[in-house]
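Trainee: I would like to go through this model with you, one question at a time. Please give the cut-offs as the terms come up.

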Amino acid sequence: MDGQVARPPRRSFIYRELEAAGARFVAVGDAEVAAHYAGDDETQALSSLGIADLSPLPRTGFKGDGAVDWLAAQGIAIGEASNHAVRQADGALAAKLAPGEVLVLDGLGEGEAICARLDAAWTPVASAFWPVPRRDGAFWFLVTGEHAATMFAKVCGVDLRPDKFSNHAVAQTSVARTNAIVVRDDLGAVPAFHLLGDSASARYMWHCLADAAREFGGRPVGLEAVRSLIR
Amino acid sequence: MKIMNCPLNGPRNISEFVCGGEVEAMPAPGAADAAWADYVFLENNTAGVVREWWMHAPTSYWFIAERDTRSDEILRTYPASEVFAERQDFAT
């Protein structure tokens with residue numbers, strides 16, 4: 001529309017922290033994501049202990065009676081059991097949090113924008129369930145590498161070791177004393193955990209994880225390194 | 001750390017839970033003020049096995065636990081739908 005001011009790209013809740021850590025940003029859809037960091041090779045950190053900020057990327061959720069059936073009608077594959085995630089054909093991940101609640105994370109590759117389609121399809125008139133705007137309400141980090149589970153043991157009471165917490169398992173629990181959702185989603189052979197929590201605690205959590213990761217040589221990793229493992 | 005078994009999420013540290021008080025039958029909508037005051041404000045404070053509301057805070061999931069108040073032992077936890085099977089509607 002003429003005269004409309006272009007919207008600035010969606011930035012992370014911790015943009016300034018990422019900037020200070022030497023992040024170089026890249027445009028992904030309507031968002032600006034930390035793609036890589038100045039300095040060493042990030043691929044090594046990814047398989048050892050890396051923390052990526054995916055907060056600007058699309059995600060959504062739906063909650064209430066009928067939410068699961070509606071999502072299934074929209075073509076989303078959802079498992080029977082709660083606290084389990086299912087990979088979608090285009091790379092997205094649908095995590096069933098409860099019998100009436102689902103969290104959807106868009107794929108990190110270049111798949112279909114599932115979350116945008118779902119958000120546009122939901123109408124308040126006929127729905128007894130409602131959207132949970134996770135993109136505004138929750139930060140989204142990805143913790144990767146062989147030391148990830150050991151690091152989580154310092155801040156989280158749930159045993160996330162690979163032989164105890166299977167791929168695509170979900171834990172809704174306390175991480176660093178704040179409420180959080182952990183979803184295991186390995187990148188090929190590299191263990192990886194999505195971590196989502198209240199966006200108001202994003203900066204706090206980023207620093208908690210950086211502190212917990214220090215003894216393992218953990219460091220921030222960018223989206224490009226993460227994508228290199230899922231291609 | 002004491003562990004409680006959440007019916008939705010499984011065993012978790014007790015620090016993740018909030019107690020919501022005794023499970024009691026709600027008075028009829030037209031009941032006397034004294035009955036409602038009793039229901040809202042007064043606890044039976046039983047020494048023995050009680051049925052209580054508990055919430056798993058990270059998921060805001062409310063469920064029912066049976067607990068022995070003398071030993072603080074949690075005997076059983078289960079979804080509220082085991083007790084409250086029907087929807088309660090009030091005249092507006």
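Trainee: Is Cys156(A) buried or exposed?

Mentor: This is a predicted model, in which local features need pLDDT of at least 70, side-chain atom pairs count only at pLDDT 80 or more, and totals for chains, interfaces and linings use all residues. Residues are numbered from 1 along each chain as its sequence is written, chains are lettered from A in the order in which they are written, and side-chain values use heavy atoms, with hydrogens and water left out. Buried means under 20% relative accessible area, exposed over 50%, and partly exposed in between (1.4 Å probe, protein chains only). Cys156(A) has a relative accessible area of 8%, so Cys156(A) is buried.

Trainee: How many disulfides does the structure hold over all chains?

Mentor: A disulfide is a pair of cysteine sulfur atoms within 2.5 Å. For Cys156(A), the nearest cysteine sulfur is that of Cys208(A), 13 Å away. Over all chains, the number of disulfides is zero.

Trainee: In which helix do Glu19(A) and Arg16(A) both lie?

Mentor: Their side chains meet in a salt bridge at 3.1 Å, N to O. Glu19(A) is partly exposed at 37%, and Arg16(A) counts as exposed at 55%. They are three residues apart, about one turn, and both lie in helix 1 (residues 15-20) of chain A.

Trainee: What area is buried between chain A and chain B?

Mentor: Buried area is the accessible area (1.4 Å probe) that two parts lose on being put together, summed over both. Carbon and sulfur atoms give 48% of the area here. Its value is about 720 Å².

Trainee: Which strand of chain A gives the most to the side that touches chain B?

Mentor: Strand 6 (93-98) and strand 10 (170-175) each supply at least two residues of that side. The one that gives the most, with four residues, is strand 10.

Notes. Salt bridge = Lys/Arg side-chain N within 4 Å of Asp/Glu carboxyl O.
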